[in-house]
Amino acid sequence: MRLTEFGKLVRMLRLEFDLSLKQMADAMLMSSAHLSALEYGDKKLNESHIDMALTFLASRGVSAKQLADVREAGAKSMETVNVKDLDGDARALVFAFARRLQAGEPPNEEITNWAKDRR
């Protein structure tokens, strides 16, 4: 079970404010399954989804600070890596790394340290 940053925060707020997935999904004009898929990253999140979530949460008394956190989490959850302009070897490395992560294999220590240095 891997929630996106958006999904983690929205779920936490729903629990804190005693709001159901169905209530939020209905307000966002989508099915509960679709909202759940957005939270898990199985469906692509967009600005419209974030705006509808913010409208719903604001109407339920969520603070301005928490709403700002939801917007930031949504932006992080929408981040993608464009590999179109990479050369063939670089693209192959990106895809190999992604397949390894998808298979549940952690990156080796060298890659982990390299990535931490670039955050």
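This is a walk through the structure shown above, from its overall outline to a few individual residues.

The model is predicted: local features need pLDDT of at least 70, and side-chain atom pairs count only at pLDDT 80 or more, while totals for chains, interfaces and linings use all residues. Residues are numbered from 1 along each chain as its sequence is written, and side-chain values use heavy atoms, with hydrogens and water left out.

Let's begin with the overall fold. The protein has 7 helices and 0 strands, so its elements read α-α-α-α-α-α-α from the N terminus on, where helices (H or I, at least four residues) and strands (E, at least two) are DSSP runs numbered from the N terminus. Along the principal axes, the C-alpha atoms fill a box of roughly 50 × 25 × 25 Å. The radius of gyration of the protein is 17 Å, whereas a compact globule of 119 residues would have one near 14 Å. That value is taken over C-alpha atoms, and the globule rule is 2.2 Å times the number of residues to the power 0.38.

Next comes the surface. The accessible surface is about 8200 Å², and 54% of that belongs to carbon and sulfur atoms; the areas come from the Shrake-Rupley method with a 1.4 Å probe, and for residues only the protein chains shown count as cover. Of the 119 residues, 28% are buried. Here buried means under 20% relative accessible area, exposed means over 50%, and partly exposed lies in between (1.4 Å probe, protein chains only). As for contacts (heavy atoms within 4.5 Å), take those between residues at least 6 apart in sequence: 56% of them join residues at least 24 apart.

Now let's look inside. In soluble globular proteins, nonpolar side chains tend to be buried together. A nonpolar core is a set of buried Ala, Val, Leu, Ile, Met, Phe, Trp, Tyr and Cys residues joined through side-chain atoms within 4.5 Å. The largest such core here has 21 residues, and F6, M24, L35, L57 and V70 have the most contacts inside it. Helices α1, α2, α3, α4 and α5 each supply at least two residues of this core, and α4 gives the most, with 5 residues. What does L57 touch, not counting residues up to four places away in sequence? L57 touches L13, L19, M24, V62, L67 and V70.

Just after α3, G41 takes a positive phi of about 80°.

That angle brings us to two other residues. Most residues other than glycine have a negative phi, and most peptide bonds are trans. D18 has a phi near 55°, a positive value in a residue other than glycine, and D18 sits in the loop between α1 and α2. L29, in the loop between α2 and α3, also has a positive phi, near 60°. Are D18 and L29 buried or exposed? D18 counts as exposed because its relative accessible area is 69%, and L29 counts as exposed because its value is 76%.

A few more residues complete the tour. H49 is in helix α4 and is buried because its relative accessible area is 10%. Leaving out residues up to four places away in sequence, H49 touches M28, M30, H34, L38 and K44. One of these, K44, is found in the loop between α3 and α4, and K44 counts as exposed because its relative accessibility is 69%. With its neighbours within four places in sequence set aside, K44 is in contact with L38 and H49.

Helix α5 (residues 64-78) holds Q66, which counts as buried because its relative accessibility is 18%. Beyond residues up to four places away in sequence, Q66 touches L9, L13, E16 and F17. A68 is also in helix α5, but A68 counts as partly exposed because its relative accessibility is 42%.
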